[in-house]
Amino acid sequence: MSSAGSSLVTGVSAMNNKIREYRAKYNLTQEDLAQRVKVRRETIVFLEKNKYNPSLKLAYDLAKVFSVAIEELFLFEDETGMD
Amino acid sequence: MKRTIIIFMLAALVLATCAIWFLTSGVSFEWMGLLQPFVIIFVVVLGLFFGIRRLRSVRRGEPAEDELSKKISVKTASVSYYVSIYLWLAVMYFSDKVQMEVHTMIGTGIIGMAVIYVLCWLFFSYRGIRNE
């Protein structure tokens, strides 16, 4: 076990999401979802393509629309392992 | 909505000014003489594009700007500013090597900055902003 100070996360966490999956489950269009969370439709498109990481507030609003926890909707994947 | 109207008014003003200048200056039809008006028209058309885009968003009931569009604007502004510094260095370097009047060179630099901004905006609009 490495000592404190020498244990570093060397990679960047990538974030995926299940927005498209939940949107299909709730039968919502991208425009419907965008209107509910008060963003542009392009933002939903970029989120689904993993081209944008949302702010905490937007992530919370999206999770609230689908009645799930944020960590169920957004998945962090470490690109390298932690020491 | 007000900002959209302002964009359209500015575009119309610039186009009208260009048209008046073009018709009254007696400019000859040489490609170099037409290049600058064409670049100005290109910038105006892009302004119209942004204005129409905003108008469509408002009609759809979407906000004209949201967190992603603001982040893209900020990122575009910072990167295009950084690149523009090198553009002006190049303009300074070539200023005594090229036979061009000072105001023409300055105008070319300003138009170059606008083109750089548009290219950066297109790049970040396509690529998105991740992990920032």
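1. A residue counts as exposed when its relative accessible area is over 50%, and as buried when that value is under 20%. Asp96(B) has a relative accessibility of 61%, so Asp96(B) falls in the exposed class. The side chain of Asp96(B) meets that of Lys97(B) in a salt bridge, at 4.0 Å from N to O. These values, and those in the points below, come from a predicted model.

2. Overall make-up of chain A. Chain A contains five helices and two strands. Read from the N terminus, its elements follow the order β-α-α-α-α-α-β. Chain A has 83 residues, and 40% of them are buried. For contacts in chain A with a separation of 6 or more, 62% are between residues 24 or more positions apart. The accessible surface of chain A is about 5200 Å², with 52% of it on carbon and sulfur atoms.

3. Overall make-up of chain B. Chain B has four helices and zero strands, in the order α-α-α-α from the N terminus. Its length is 132 residues, of which 24% count as buried. Where contacts in chain B join residues at least 6 apart in sequence, 77% are between residues at least 24 apart. About 9100 Å² of chain B is accessible surface, and carbon and sulfur atoms hold 73% of that.

4. The contact between the chains. Chain A contributes 21 residues to the contact and chain B contributes 20 residues. Together the two chains bury about 1700 Å², 41% of it on carbon and sulfur atoms. On the side of chain A, the residues that lose the most area to chain B are Arg40(A), Lys51(A) and Tyr52(A), which together make up 40% of what that side buries.

5. What kind of pairs hold across this contact? Eight residue pairs are in polar contact between chain A and chain B, both residues being at pLDDT 80 or more. The count of salt bridges between chain A and chain B is zero. In chain A, the elements giving two or more residues to the side that touches chain B are strand S1 (13-17), helix H2 (30-36) and helix H3 (41-48). By class, that side of chain A has eight nonpolar, seven polar and six charged residues.

6. Helix H3 of chain A. Six of the eight residues of H3(A) are buried, so the helix is largely enclosed by the rest of the structure. The buried residues are Thr43(A), Ile44(A), Val45(A), Phe46(A), Leu47(A) and Glu48(A).

7. The loop after H3. Asn50(A) follows H3(A) and has a positive phi, near 60°. This residue sits in the loop between H3 and helix H4 (56-65) of chain A. Apart from neighbours within four places in sequence, Asn50(A) is in contact with Met15(A), Asn16(A), Asn17(A) and Arg130(B). With one of these, Asn16(A), there is a polar contact between side chains at 3.1 Å.

8. Over all chains, the structure holds five salt bridges. One of them pairs Arg23(A) with Glu48(A), with 2.6 Å between the closest N and O atoms. Arg23(A) lies in helix H1 (residues 19-25) and Glu48(A) in helix H3, both of chain A; the two are 25 residues apart, and the pair links distant parts of the chain.

9. The side chains of Asp61(A) and Lys57(A) form a salt bridge at 2.8 Å, N to O. Both residues belong to helix H4 of chain A and are four residues apart, about one turn of the helix. An α-helix has 3.6 residues a turn, so residues three or four places apart point the same way. Asp61(A) counts as buried because its relative accessibility is 18%, whereas Lys57(A) counts as exposed because its value is 58%.

10. Arg20(A), Arg23(A) and Glu48(A) are joined into one network by salt bridges that share partners. Glu48(A) is also among the buried residues of H3(A).

Terms used
Residues are numbered from 1 along each chain as its sequence is written. Chains are lettered from A and ligands numbered from 1 in the order in which they are written. This is a predicted model: local features need pLDDT of at least 70, side-chain atom pairs count only at pLDDT 80 or more; totals for chains, interfaces and linings use all residues. Side-chain values use heavy atoms; hydrogens and water are left out. Contact means heavy atoms within 4.5 Å. Buried area is the accessible area (1.4 Å probe) that two parts lose on being put together, summed over both. A polar contact is a pair of N or O atoms within 3.5 Å; within protein, one must be able to donate a hydrogen and the other to accept it, and residues adjacent in sequence count only if both atoms are side-chain atoms. Ala, Val, Leu, Ile, Met, Phe, Trp, Tyr, Cys and Pro count as nonpolar, Asp, Glu, Lys and Arg as charged, and the others, Gly among them, as polar. Buried means under 20% relative accessible area, exposed over 50%, partly exposed in between (1.4 Å probe, protein chains only). Accessible areas come from the Shrake-Rupley method with a 1.4 Å probe; for residues, only the protein chains shown count as cover.
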